[in-house]
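Work through the exercises below with the sequence and the model side by side. Each task is followed by a stepwise solution.

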Amino acid sequence: MMSDQTLFIAITIVIGYLLGSFNGAIIASKNVFKKDIRSFGSGNAGLTNFHRTFGTRGLLIVIAVDVLKTVAATLIGKALAGPGGYDVSVGCMLAGFGVCLGHVYPIYYSFKGGKGILAGGTLAWMIDWRVGVCAWGIFLILVVFTQYVSLGSLAAAVMLAAATCIFIPAPAAKILALLSAAIIIFAHRENIKRLKNGTESKLSFGGKSKTDL
């Protein structure tokens with residue numbers, strides 16, 4: 001028989017996963033343009049590929065869906081944790097892990113989604129404002145000075161895990177942060193190869209980039 005703790009973990013992750021599986025880029029491309037973003041550009045269902053393919057129209061939908069689904073999931077996770085006597089940071093990270101998993105492997109879209117950066121970036125703020133500052137700070141610094149969005153994204157994922165380990169005392173939250181970062185980093189495996197080979201495209205300020213989130 002499933003224990004209360006196991007049930008809490010399972011329900012929270014599933015809720016996060018189901019909400020995370022809603023992909024802003026896919027929703028916007030299909031409803032606004034009657035097309036699937038995954039059939040264009042790099043095939044990635046993310047913010048950058050959407051903007052490169054369709055421009056600014058529908059961009060707010062992409063951002064709103066991916067941010068709000070993460071906010072909703074983590075708030076639910078915290079709400080489930082409190083009455084159950086669990087650390088709210090654990091509830092937040094359980095849901096956040098589910099969101100990252102759902103964003104990259106969405107059940108509604110044949111398990112082909114985005115790379116989880118906007119969801120992970122929102123999760124950073126939801127777990128603790130200090131984690132958010134660290135993750136977004138390193139992201140912005142690297143993008144501005146190197147013009148590699150993928151490099152900034154990878155560093156932000158690492159910082160999400162590192163800052164959570166520093167600022168959040170609950171061991172389970174630390175582990176879940178590491179797992180969430182691992183999902184995001186794995187989703188960027190092709191970007192990592194291109195960065196190593198020196199073939200990764202840079203962000204062109206004032207223009208369009210071939211680098212995907």
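**Exercise 1.** Classify F54 in this predicted model: is F54 buried or exposed?

*Solution.* Start with the relative accessible area of F54, which is 14%. The cut-off for buried is under 20%. F54 is therefore buried.

**Exercise 2.** Classify F40, then describe the aromatic pair that F40 and F54 form.

*Solution.* Step one: F40 has 28% relative accessibility, so F40 counts as partly exposed. Step two: a ring pair is described by the distance of the centres and the angle of the planes. For F40 and F54 the centres are 5.8 Å apart, with 65 degrees between the planes. Step three: planes over 60 degrees apart count as edge-to-face, and the F40 and F54 pair is edge-to-face. F40 sits in the loop between helix 2 (24-32) and helix 3 (47-54), while F54 belongs to helix 3, so the pair ties together parts 14 residues apart in sequence. Step five: widen the view. Ring pairs join F40 and F54 with F33 and F50 in a cluster. The count of aromatic pairs comes to eight.

**Exercise 3.** Which residues of helix 3 are buried, and what do they pack against?

*Solution.* The buried residues in helix 3 are T48, N49, F50, R52 and F54. They pack against helix 2 and helix 4 (59-84). Then check what follows the helix: G55 comes after helix 3 and has a positive phi, near 80 degrees.

**Exercise 4.** What lines the largest cavity?

*Solution.* Count first: the structure holds two cavities of 30 Å³ or more. The largest cavity has about 100 Å³ of space. Its lining consists of I117, G120, G121, A124, A135, W136, F139, S153, A156, A157, L160 and I184. Helix 6, helix 7 and helix 8 are the elements giving two or more residues to that lining. Sort by class to finish: nine lining residues are nonpolar, three are polar and none is charged.

Definitions and conventions:
Residues are numbered from 1 along each chain as its sequence is written. This is a predicted model: local features need pLDDT of at least 70, side-chain atom pairs count only at pLDDT 80 or more; totals for chains, interfaces and linings use all residues. Side-chain values use heavy atoms; hydrogens and water are left out. On a 1 Å grid over the protein atoms alone, a cavity is a set of points where a 1.4 Å probe fits but cannot get out, and a pocket is an open set with protein on both sides within 12 Å along at least five of seven lines; lining residues have an atom within 4 Å of a point. Grid points are joined across faces, edges and corners, and a volume is the space filled by probe spheres set on the points. Helices (H or I, at least four residues) and strands (E, at least two) are DSSP runs, numbered from the N terminus. Ala, Val, Leu, Ile, Met, Phe, Trp, Tyr, Cys and Pro count as nonpolar, Asp, Glu, Lys and Arg as charged, and the others, Gly among them, as polar. Rings of Phe, Tyr and Trp (its six-membered ring) pair if their centres lie within 6.5 Å; planes under 30 degrees apart count as stacked, over 60 as edge-to-face and the rest as tilted. Buried means under 20% relative accessible area, exposed over 50%, partly exposed in between (1.4 Å probe, protein chains only). Contact means heavy atoms within 4.5 Å.
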